[in-house]
Amino acid sequence: MTCPRCAHDTIDTVTTSPVPGVWDILQCVRCLYMWRTTEPDRRTRREAYPVEFRMTPADIETAPEVPVVPPLLYGRNEPNRPSRTAS
Amino acid sequence: MPHDDLRSFLDTLEKENQLLRITEQVLPEPDLAAAANAAGRIGEGAPALYFDNVKGFTDARIAMNVHGSWRNHALALDLPPGTSVREQIEEFARRWDAFPVAPERREDAPWRQNTQLGPDIDLFKVLPLFRLNDGDGGFYLDKAAVVSRDPRDPDHFGKQNVGTYRIEVIGRDRLAFQPVPMHDVAQHLHAAEELGEDLPIAITLGNDPVITIVAGMPMGYDQSEYEMAGALRGAPAPIATAPLTGFDVPWGSEVVVEGVVESRKRQIEGPFGEFTGHYSGGRRMPTIRVDRISYRTDPVFESLYLGMPWTEVDYLVGPNTCVPLLKQLRTEFPEVQAVNAMYTHGLAVIISTKKRYGGFAKAVGMRAMTTPHGLGYVTQVIVVDEDVDPFDLPQVMWAMSAKVNPQDDVVIVPNLSVMALAPAANTPGITSKMIIDATTPVAPDNRGHFDTPVRDLPETPEWTDRLRALIAAR
């Protein structure tokens, strides 16, 4: 099985339907796309998945960071780092 | 009587014929989202939708479109369902003046009935999750009231924030979420990440209808949403202490999810069909580790369809965007009469104002852009005279067409901030903004030929009554 969105071939089963055998929820371990097996082909099959929503490994790696991680105020072992309990 | 939880509000909607139970079996996708999408396309007065027969589930209960018409919005505010939009907004503004109303703490919250902890946590066992739009990267929680505190001032009740943010389920105990930098939770996360600390968070789902309204309301950073909920309800908002974080959460929630935003971590998220009518993403966004879920027995999962306006979100964030802008503008400019910020959460805004002197209307427009909400929205402001109703779009178009000299009345300011989802920005987060001054110039601004306006004849009101009476007597 391949991911409809990024074509990766490692897919996890996240959960299965409470009524046994009706559907599974699957997830691509690379792009995190998640889908239910009973969804329409346009969401579940690579060949039918819309081009505008497809993702490549480069898309994932270069995706903008929102929000940007700020610089640390103090070094991890900074002696002057304020404690939550200090006032 | 104000509603203390979602269930009692659903009962009210049903009594008022504003809740439709879909009893025949539906598919989780695409039926649930398509039905809620359709609710926004069938004209005024659409009901809330309730589903409890969803293929593959044994005990799903799903409520959608709960705020998705003016009738439902009126009932959420405990007003008669036929209350006009303008009357709803005026009543909203009137109740605002009671702010702050202290909340009432009740520790017998029904969501204490059931708990999932540690390795037993499985969001899919509690919530019947489903996809909304085709390009969405997964299943979303899009109508939660998310509670966080300022790590620099954790005991400040007003700085404790209650807000609605898009949240993607990326695992049984993992979420990704979107703190838009202009929103309060982003300030909390920024402070925590500067210290290298996780940010504790409580995500409350299925709330009373006023909590949902205040969670989507652009209030001041240190103003408490619970104290505003009390003002809007006309009674204290019931709150309880979340067991893991100790945060104040709504007493009436169906589900309370607690955990932490993992410090300095980002993971691919989205896309998601947004309130702008466009998808956004995928971007690398913060992740949440879920550590505890508390929930009522037989929880109702509330979700909201959003896409090309109008959909439920437009009703939900219409009045609650107009009123804060009106109040914030009036603080400095009491000349402001009314604000219509109902378009895409106030990306476009119409303001009616009296003029103190020439150039004043443009100053009001600029001030709207520099309110807390304006920093992320208000890309276009149309300013009209005090006798133009900003909710009456034909009147607004008359003012635009007759009063505007584009050379002098259209002001464009480049490179201002906007929330990153605004699709027209070239660089996400940066845009130009525009003021259209459609007011009548006043001295010393003596442009144009406006000194002889045609006014309704003095006898017109009398004839209005006569015509109405004659028509009624036919």
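Reply: Let's start with what pairing means here: two strands count as a pair if DSSP finds at least two bridges between them. Keep in mind that this is a predicted model.

The part to look at is strand β19 of chain B, residues 287–295. Start with strand β5, residues 114–117 of chain B: four bridges join β5 to β19, and the two run antiparallel. To find the spot on screen, look for B:Asn114, which stands opposite B:Tyr295 in β19(B).

Next comes strand β14, residues 255–261 of chain B, which is joined to β19(B) by seven bridges, again antiparallel. Here B:Glu258 has B:Arg292 of β19(B) as its bridge partner.

Then there's strand β10, residues 174–177 of chain B, with three bridges to β19(B) and an antiparallel run as well.

For the complex, the predictor gives an ipTM of 0.92 and a pTM of 0.93.

Now for the helices of chain B. Helix α4 (residues 85–96) and helix α10 (residues 319–332) have axes that come within 10 Å and cross at roughly 50°. The crossing of α4(B) past α10(B) is right-handed. On the α4(B) side, the residues that meet the other helix are B:Gln88, B:Ile89, B:Phe92, B:Ala93 and B:Trp96, while α10(B) brings B:Pro319, B:Cys322, B:Val323, B:Leu326 and B:Lys327. Sorted by class, that contact has eight nonpolar residues, one polar and one charged.

The peptide bond from B:Gly270 to B:Pro271 is cis, with omega near -5°, and B:Pro271 sits in the loop between β15 (267–269) and β16 (272–273). Another cis peptide bond links B:Ala443 and B:Pro444, with omega about 5°; look for B:Pro444 in the loop between β25 (430–438) and α14 (460–472). B:Asn17 isn't a glycine, yet its phi is positive, about 65°. You'll find B:Asn17 in the loop between α1 (6–15) and β1 (19–22) of chain B.

Finally, step back to where the chains meet. The contact takes 34 residues from chain B and 33 from chain A. On the chain B side, α6 (184–194) and β18 (283–285) are the elements that give two or more residues, and α6(B) has the largest share, with four residues. That side of chain B is made up of 15 nonpolar, eight polar and 11 charged residues.

If you'd like a sheet from chain A to set beside all this, there's an open one of three strands in the order β1-β2-β3, with antiparallel pairing. Its edge strands are β1 (11–16) and β3 (34–36) of chain A, each pairing on one side only. Five bridges hold the antiparallel pair of β1(A) and β2 (residues 24–28) of chain A, and A:Ile11 stands opposite A:Cys28 in β2(A).

Methods:
Residues numbered from 1 in each chain as written. Chains lettered and ligands numbered in written order. Predicted model: local features only at pLDDT ≥ 70, side-chain atom pairs only at ≥ 80, totals over all residues. Axes fitted to C-alpha atoms, helices over the stretch in contact; angles between N-to-C directions. Left-handed = near helix turned anticlockwise from the far one by under 90°. Contact = placed C-beta atoms within 7 Å. Nonpolar A, V, L, I, M, F, W, Y, C, P; charged D, E, K, R; others polar.
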